[in-house]
Amino acid sequence: MQFPQLAGIPTPLSIVVLIHFFFASNALITNFDWMPSYAFTHIAVILFGLWASREKKGLEPVIAYVAAVLISILTDIIQLGVYFDDTQFVADHEVGTKYRDTWRYSAAMVIIHLIIKVGMIKL
């Protein structure tokens, strides 16, 4: 199915990249110290996505973007397994309720983003 290339209207891939940007930025709303490589992984995914949405001639950028998303799915699962421990986080940081709730929101965004990425790859 071909999508029309109208001026000013984003392509479906641009919308997917925008969705990735939204969830990645919300996942990083607290800080970088609870999942340090999450930021670097998703900056690369977003950059590959921008490259793929702007390059119209070849298929390589799209393949690189899909490969980056697949790698980020694997690293997200590993990072959640390693870094997601609410009781250890609270014990280490002795933080108040506001910061802990922000951390939980950030963790929820990581999980939702992971589920959405798996669904988007199936498309």
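**Figure 1. Leu59 in the loop between α2 and α3.** In this predicted model, Leu59 sits in the loop that joins α2 to α3. With a relative accessibility of 56%, Leu59 counts as exposed, because the threshold for that class is over 50%. Leu59 also belongs to a nonpolar surface patch of about 480 Å², together with Val62, Ile63, Val66, Leu70 and Ile121. The element that gives the most to this patch is α3, with 4 residues.

**Figure 2. Leu50 in helix α2.** Helix α2 covers residues 36-54, and Leu50 is found in this helix. Is Leu50 buried, partly exposed or exposed? Its relative accessibility is 42%, so Leu50 counts as partly exposed. Leu18 is 32 residues away from Leu50 in sequence, and the two C-alpha atoms are 9.2 Å apart in space.

**Figure 3. Helix α1 and its buried residues.** Helix α1 is made of 16 residues, 12-27. From the first C-alpha to the last, α1 reaches 23 Å, close to the 22 Å expected at 1.5 Å a residue. Which residues of α1 are buried? They are Ser14, Val17, His20, Phe23, Ala24, Asn26 and Ala27. Among them, Val17 and His20 are in contact with Tyr65.

Figure 4. The largest nonpolar core has 17 residues, and Tyr65 and Val110 touch the most other members. Two or more residues of this core come from each of α1, α2, α3 and α5 (97-122). Helix α3 supplies the largest share of this core, 5 residues. Beyond its neighbours within four places in sequence, Tyr65 is in contact with Leu13, Val16, Val17, His20, Val45, Phe48, Gly49 and Ala52. In soluble globular proteins, nonpolar side chains tend to be buried together.

**Figure 5. The salt bridge between Lys117 and Asp76.** The count of salt bridges comes to 1. Lys117 forms a salt bridge with Asp76, and the closest N and O atoms are 2.4 Å apart. Lys117 lies in helix α5 and Asp76 in helix α3, so the pair ties together parts that are 41 residues apart in sequence. Are the two partners buried or exposed? Lys117 is buried, with a relative accessible area of 0%. Asp76 also counts as buried, at 0% relative accessibility.

Figure 6. Asp76 is placed in helix α3, which covers residues 60-83. Which residues are in contact with Asp76, leaving aside its neighbours within four places in sequence? These are Tyr38, His42, Leu114 and Lys117. The relative accessible area of Asp76 is 0%, so this residue is buried.

**Figure 7. The whole protein, as context for the close-ups.** The protein has 5 helices and 0 strands, and its elements run α-α-α-α-α from the N terminus on. Of its 123 residues, 33% count as buried. The protein exposes about 7800 Å², and carbon and sulfur atoms supply 71% of this area. Among contacts between residues at least 6 apart in sequence, 71% join residues at least 24 apart.

Methods. Residues are numbered from 1 along each chain as its sequence is written. This is a predicted model: local features need pLDDT of at least 70, side-chain atom pairs count only at pLDDT 80 or more; totals for chains, interfaces and linings use all residues. Side-chain values use heavy atoms; hydrogens and water are left out. Buried means under 20% relative accessible area, exposed over 50%, partly exposed in between (1.4 Å probe, protein chains only). Contact means heavy atoms within 4.5 Å. Accessible areas come from the Shrake-Rupley method with a 1.4 Å probe; for residues, only the protein chains shown count as cover. The expected span of a helix is 1.5 Å times one less than its number of residues. Patches are made of residues with over 30% relative accessible area and no salt bridge: like charges are joined within 9 Å, nonpolar side chains (Val, Leu, Ile, Met, Phe, Trp, Tyr) within 5 Å. A salt bridge is a side-chain nitrogen of Lys or Arg within 4 Å of a carboxyl oxygen of Asp or Glu. A nonpolar core is a set of buried Ala, Val, Leu, Ile, Met, Phe, Trp, Tyr and Cys residues joined through side-chain atoms within 4.5 Å.
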